[in-house]
Amino acid sequence: MGINVKIVADSRSHYTVGDRLIPGVRLTTFQLRYPRFIHAELMTHRVFSRNASSSRAIPVTKMLREIIEDPAMPIHWGINEKGMQANKHLVGFKLWAVKKIWRLARYPAVGAAYLAHKIGLHKQIANRICEPWSHINVLVSSTEYANWYSLRAHKDAQPEIRALARKMKAAQDQSIPRRLMPGDWHLPFLSVFERGEMKIEQALKVSTARCARLSYLTFDQKPSTIDQDMALYERLVGSSPLHASPAEHQAKVDTLSPDGFYNVKTGKVWDFMDSWNHPELHGNFRGFIQHRKLLKGEFVRG
């Protein structure tokens with residue numbers, strides 16, 4: 001399957017200034033699948049809110065089956081040379097040979113993981129043996145993608161993460177964000193029908209649970225029920241300490257402060273922190289109040 005990109009929620013804040021409707025900040029949530037060996041590079045971007053599938057939670061037999069059927073592969077087979085970039089490709093027999101070697105190398109690792117699992121080793125350890133050939137599913141939300149595209153869509157970036165960044169940019173360029181007004185919520189994994197049927201308190205909990213799963217589906221690939229979503233939310237947020245990261249993806253448009261103003265030339269709301277009433281609740285977003293920041297005990301101080 002390679003590198004897959006899907007937008008699951010896309011919103012832009014808007015403000016009424018006089019008789020004008022002024023566009024504000026865009027918040028986009030992506031559902032991604034890519035080789036685990038580039039995951040560390042995405043993690044360096046601290047403005048992202050993210051949740052990812054964990055090797056600790058995936059049954060060993062399921063992970064091994066996926067690695068056999070669809071191993072994570074490099075997309076660029078560069079010739080060894082100085083520096084961090086390989087500018088030339090291997091070709092012919094050498095290219096065939098290294099692809100074959102990469103695929104063959106997973107079989108001893110799969111065998112070792114399987115044997116360790118059968119002996120009784122927990123999946124959180126056994127699965128680690130095969131991670132170089134595994135994919136990872138990741139949910140990412142942010143109001144700040146420009147720096148990511150500048151760095152990771154660049155020709156000097158590692159080819160796999162460059163392909164990911166370029167697919168994300170193409171998807172975002174083609175997507176039309178939903179218009180939100182102050183107080184409106186960005187709610188990943190909630191359908192239009194569900195938004196209309198649920199009170200916001202329930203909608204936030206359901207969205208949080210689905211963001212934790214990275215899907216509308218349960219782990220056995222069946223659509224989750226509202227009761228299952230609510231129960232998962234309580235296990236996450238009702239625990240001590242809170243498991244609050246899935247609550248970072250829901251966010252509501254902050255109101256403008258009395259001193260908030262917009263750029264007359266561009267017609268956009270200024271992005272200074274004092275343009276909004278509650279910048280301390282934005283977390284790593286801009287112009288949006290994060291659901292996580294409204295949870296009691298979301299951050300434990302030493």
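Lys169 and Asp173 join side chains in a salt bridge, N to O at 3.1 Å. By salt bridge I mean a side-chain nitrogen of Lys or Arg within 4 Å of a carboxyl oxygen of Asp or Glu. Lys169 and Asp173 sit four residues apart in helix α6, so about one helical turn separates them. Helices here are DSSP runs of H or I, at least four residues; strands are runs of E, at least two; both are numbered from the N terminus. Lys169 is partly exposed, at 35% relative accessible area. Asp173 is exposed, at 55%. The cut-offs: buried is under 20% relative accessible area, exposed is over 50%, partly exposed is in between, with a 1.4 Å probe and protein chains only.

A word on the source. This is a predicted model: local features need pLDDT of at least 70, side-chain atom pairs count only at pLDDT 80 or more, and totals for chains, interfaces and linings use all residues. Residues are numbered from 1 along each chain as its sequence is written, and side-chain values use heavy atoms, with hydrogens and water left out.

Back to the pairs. How many salt bridges does the rule give? The count is 13.

Take Glu248 and Arg292. Their closest N and O atoms are 2.7 Å apart. This pair links distant parts of the chain, 44 residues apart: Glu248 is in the loop between α9 (226-237) and β7 (251-253), and Arg292 is in the segment after β10 (288-290). Buried or exposed? Both Glu248 and Arg292 are buried.

Next, Arg128 with Glu131, again a salt bridge, closest N and O atoms 2.7 Å apart. Arg128 is partly exposed at 38% relative accessible area. Glu131 is buried at 18%.

There is also a network. Salt bridges link Glu194, Arg210, Arg213 and Asp229.

Now the second largest pocket. It holds about 520 Å³ of space. 23 residues line this pocket, and the closest to its centre are Met84, Gln85, Ala86, Gln158 and Pro159. Two elements give two or more residues to the lining: α5 (146-152) and α6 (159-174). The largest share, three residues, comes from α6.

For the method: on a 1 Å grid over the protein atoms alone, a pocket is an open set of points where a 1.4 Å probe fits, with protein on both sides within 12 Å along at least five of seven lines; lining residues have an atom within 4 Å of a point. The volume is the space filled by probe spheres set on the points, which are joined across faces, edges and corners.
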